[in-house]
Amino acid sequence: MDYFSIIHKYIPPSSPVYHFYIIHVTLVTAKALAIANRLEFSEEQKRFVEEAGMLHDIGIIRVNAPDINCRGSLAYVMHIKEGKKILEAEGLPEHARVAENHFGVGGITKEEIENADLKLPPENIMCQRIEDKVISYADLFYSKNPNKIFNEIPLDALKLKLDSYGTRQRQIFELWHKEFS
Ligand SMILES: [Fe+2]
């Protein structure tokens, strides 16, 4: 599968979002693949991690995030739903699942969506497969903040940030960190 042809279809290289997108997804995918190698994933699993990692944020093209030149109309959090729609329309339901469930620490529960008043339909959106979890974990280490886009977030700072996500997500992170790092 040529993921660049899909990226270019939705986020052309001439788009002002393109370079933010490519830098972010490449860093996340490289980290996820390093973990996949350590965990001795099969070649097929690694191929999936590469493809889904490079496509996981494709939905940002439809949200409003002026910092990274996204001029869509939707709330940022909706990039997960739009990414899912885009990749399903491309006939990639497995990759679409990652676009949706990479959010938070391996997804988010209906309760967490309601409690945080997120602009998402209230439902459980959770990573089940190890490949999805590795991508979600790797994604936590990189922001799309233009001033820090290349910087891996230091572990202490990341843990502090995740404290605000709530106990469940923080605990999952600790488990993943033991397993993946
Ligand atoms: Fe991401």
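Q: How are H2 and H3 oriented to each other in this predicted model?
A: In this predicted model, helix H2 covers residues 18-38 and helix H3 covers residues 43-55. They pack at an angle of about 160°. Angles over 145 degrees count as roughly antiparallel, so H2 and H3 are roughly antiparallel to each other.

Q: Which residues in H3 does H2 meet, and how do the residues of the contact divide into nonpolar, polar and charged?
A: On the H2 side the residues are Val 25, Val 28, Thr 29, Ala 32, Leu 33 and Ala 36. In H3 they meet Gln 45, Lys 46, Val 49, Glu 50, Gly 53 and Met 54. The residues of this contact divide into 7 nonpolar, 3 polar and 2 charged.

Q: How far apart are the axes of H2 and H3, and is the crossing left-handed or right-handed?
A: Two packed helices are described by the angle between their axes and the distance between the axes. For H2 and H3 the axes lie 8 Å apart. The crossing in which H2 passes H3 is right-handed.

Q: What pattern does the protein follow along the sequence?
A: The protein has 9 helices and 4 strands. Read along the sequence, they give the pattern α-α-α-β-β-α-α-β-α-β-α-α-α.

Q: What is the radius of gyration of the protein, and how compact is it for its length?
A: For 181 residues the globule rule gives 16 Å. The protein comes close to that value, so it is as compact as a globular protein of that length. Its radius of gyration is 15 Å.

Q: What share of the residues is buried?
A: A residue is buried if 20 or more other C-beta atoms lie within 10 Å of its own. Of the 181 residues in the protein, the buried share is 39%.

Conventions. Residues are numbered from 1 along each chain as its sequence is written. This is a predicted model: local features need pLDDT of at least 70, side-chain atom pairs count only at pLDDT 80 or more; totals for chains, interfaces and linings use all residues. Helices (H or I, at least four residues) and strands (E, at least two) are DSSP runs, numbered from the N terminus. The radius of gyration is taken over C-alpha atoms; the globule rule is 2.2 Å times the number of residues to the power 0.38. A residue is buried if 20 or more other C-beta atoms lie within 10 Å of its own, exposed if 12 or fewer, and partly exposed in between; C-beta atoms are placed from the backbone. Axes are lines fitted to C-alpha atoms, for helices over the stretch in contact, and angles run from 0 to 180 degrees between N-to-C directions. Angles under 35 degrees count as roughly parallel, over 145 as roughly antiparallel, 65 to 115 as roughly perpendicular and the rest as oblique. A crossing is left-handed if the near helix is turned anticlockwise from the far one by less than a right angle, and right-handed if clockwise. Two residues are in contact if their C-beta atoms, placed from the backbone, lie within 7 Å. Ala, Val, Leu, Ile, Met, Phe, Trp, Tyr, Cys and Pro count as nonpolar, Asp, Glu, Lys and Arg as charged, and the others, Gly among them, as polar.
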